[in-house]
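The following text walks through one protein model, from a single side chain out to the whole chain and back to its local details. Please keep the structure open while reading.

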Amino acid sequence: MNIKPYRVPQDEKVNLSDYPTTEGKKKENETIRDEVVPPLVEKLKTLHEKLNAEEKHGILVVLQALDGAGKDESISYIFSNLHAQGVKTTNLSKPSEEEQKHDFLWRLQPAIPKRGEIGILNRSHYEDVIAPRIHDQLDDEDIPEGHDKDSIWDLRYRQINEFEKYLRENNIHVAKFFFNMSKDEQKERLLDRMKNPDRQHEFSFSDYEERQYWDDYQKVFQDMLDNTSTDYAPWHVLPADDEWHTRRLVNEIMIDLLEEIDPKFPEMTGEEKEKLEEYIDKLENE
């Protein structure tokens, strides 16, 4: 499948409305779920095994969206199928008192994957250029000298881009997914959570409260995509109304990245092979 239409180009002004929230794939959900996604997950799993064994590259996966767009489900249906020892998931929620005493990227450090790992950010460092902007949450000490509450966002975009470039230069690749959901679809998903007793534990009152800022969020998302999609850490905008099509795309984009990395299982040296044969012989003759 051609994944290029979902990738936000670097240094090119884009409009979020140019990226559809649906491609009419809902009627194909069962087919995609049962016939398309499972073999993709298996292929991703094999590539991840090689990545984990080789220990030369890591991948930081960034999942960003409004509530109900499908981030958690993507983790459940895709990344939870990978080898647990090579996957770590981090949720960057509201900064703690300790985190607020540091620069905004400080709390990201423990989430950075080792070489051989896939690290998943379910909410990420991008929260620090989204929620504080919408709710005017920055204090004076958060704003560096020479900047104000308007100019700080361009400063943070540049710092994020430079940090992601630093990661890439150290063999940590950054794959960023924005789940582009329509307001009507979010309404239906929130109502399902609220009305279904078996799903009410998934609902937070803040989900509804944040929905009241829908237009503000769309503007901030637009600005974020315009300023932080780079050749070395591109954003992909997913049609999140079509949940299984979105999961298919996440798989395909991850596979495309891993095939570009081209990890390989390590090979034994001649001396190691001799020792292996010796140990095989000893074990078989116990």
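Is Asn 122 buried or exposed? The model is a predicted one, and in it Asn 122 has a relative accessible area of 9%, so this residue is buried. Its place is in strand 3. The side chain of Asn 122 makes a polar contact of 2.5 Å with the side chain of Asp 72. Apart from neighbours within four places in sequence, Asn 122 is in contact with Leu 63, Lys 71, Asp 72, Ile 75, Thr 90, Asn 91 and Leu 92.

Now the chain as a whole. The protein chain contains nine helices and five strands, and along the sequence they follow the pattern α-β-α-β-β-α-α-β-α-α-α-β-α-α. Along the principal axes, the C-alpha atoms fill a box of roughly 70 × 50 × 40 Å. The chain has 286 residues, of which 48% count as buried. Its accessible surface is about 15700 Å², with 44% of that area belonging to carbon and sulfur atoms. Among contacts with a separation of 6 or more, 82% are between residues 24 or more positions apart.

The largest nonpolar core has 70 residues, and Ile 59, Phe 177 and Met 254 touch the most other members. At least two residues of this core come from each of helix 1 (29-54), strand 1 (58-64), strand 3, helix 4 (152-169), strand 4 (172-180), helix 7 (214-228), strand 5 and helix 8 (243-261). Helix 8 gives the most, with eight residues.

Which residues is Ile 59 in contact with, leaving aside its neighbours within four places in sequence? They are Leu 51, Pro 113, Glu 117, Ile 118, Gly 119, His 173, Ala 175, Met 254, Leu 257, Leu 258 and Ile 261.

The aromatic side chains can be taken next. A pair of aromatic rings is described by the distance of the centres and the angle of the planes. With centres counted as paired within 6.5 Å, the model has six aromatic pairs. In one of them, the ring centres of Tyr 126 and Trp 235 are 4.9 Å apart and the planes are at 70°, so the pair is edge-to-face. Tyr 126 belongs to the loop between strand 3 (118-122) and helix 3 (131-135), while Trp 235 belongs to strand 5 (residues 235-239), so the pair ties together parts that are 109 residues apart in sequence. Tyr 126 is buried at 0% relative accessibility, and Trp 235 is buried with a relative accessible area of 0%. Elsewhere, Phe 178, Tyr 217 and Phe 221 form one aromatic cluster.

The charged end of Arg 156 sits over the ring of Phe 104, 4.4 Å from the ring centre. The charged end of Arg 247 sits over the ring of Trp 244, again with 4.4 Å to the ring centre.

The backbone has some local features to check. Most residues other than glycine have a negative phi, and most peptide bonds are trans. Arg 123 has a positive phi of about 80° although it is not a glycine. Arg 123 lies in the loop between strand 3 and helix 3, and its relative accessibility of 21% makes it partly exposed. Asn 171 has a positive phi as well, about 65°, and is not a glycine either. This residue is in the loop between helix 4 and strand 4, where it is partly exposed, with a relative accessible area of 26%.

Finally, the parts towards the chain ends. Asp 11 is in the segment before helix 1 and counts as exposed at 70% relative accessibility. The side chains of Asp 11 and Gln 10 are joined by a polar contact of 3.2 Å.

Methods: Residues numbered from 1 in each chain as written. Heavy atoms only, no water. Phe/Tyr/Trp six-rings, centres within 6.5 Å; stacked < 30°, edge-to-face > 60°. Helix = DSSP H or I, 4+ residues; strand = E, 2+ residues; numbered from the N terminus. Buried < 20%, exposed > 50% of the residue type's maximum accessible area, 1.4 Å probe, protein only. Lys NZ or Arg CZ within 6 Å of the ring centre and 35° of its normal. Core = buried A, V, L, I, M, F, W, Y, C linked by side-chain atoms within 4.5 Å. Contact = heavy atoms within 4.5 Å. Polar contact = N/O pair within 3.5 Å; in protein donor to acceptor, adjacent residues only side chain to side chain. Areas by Shrake-Rupley, 256 points an atom, 1.4 Å probe, with all protein chains shown as cover.
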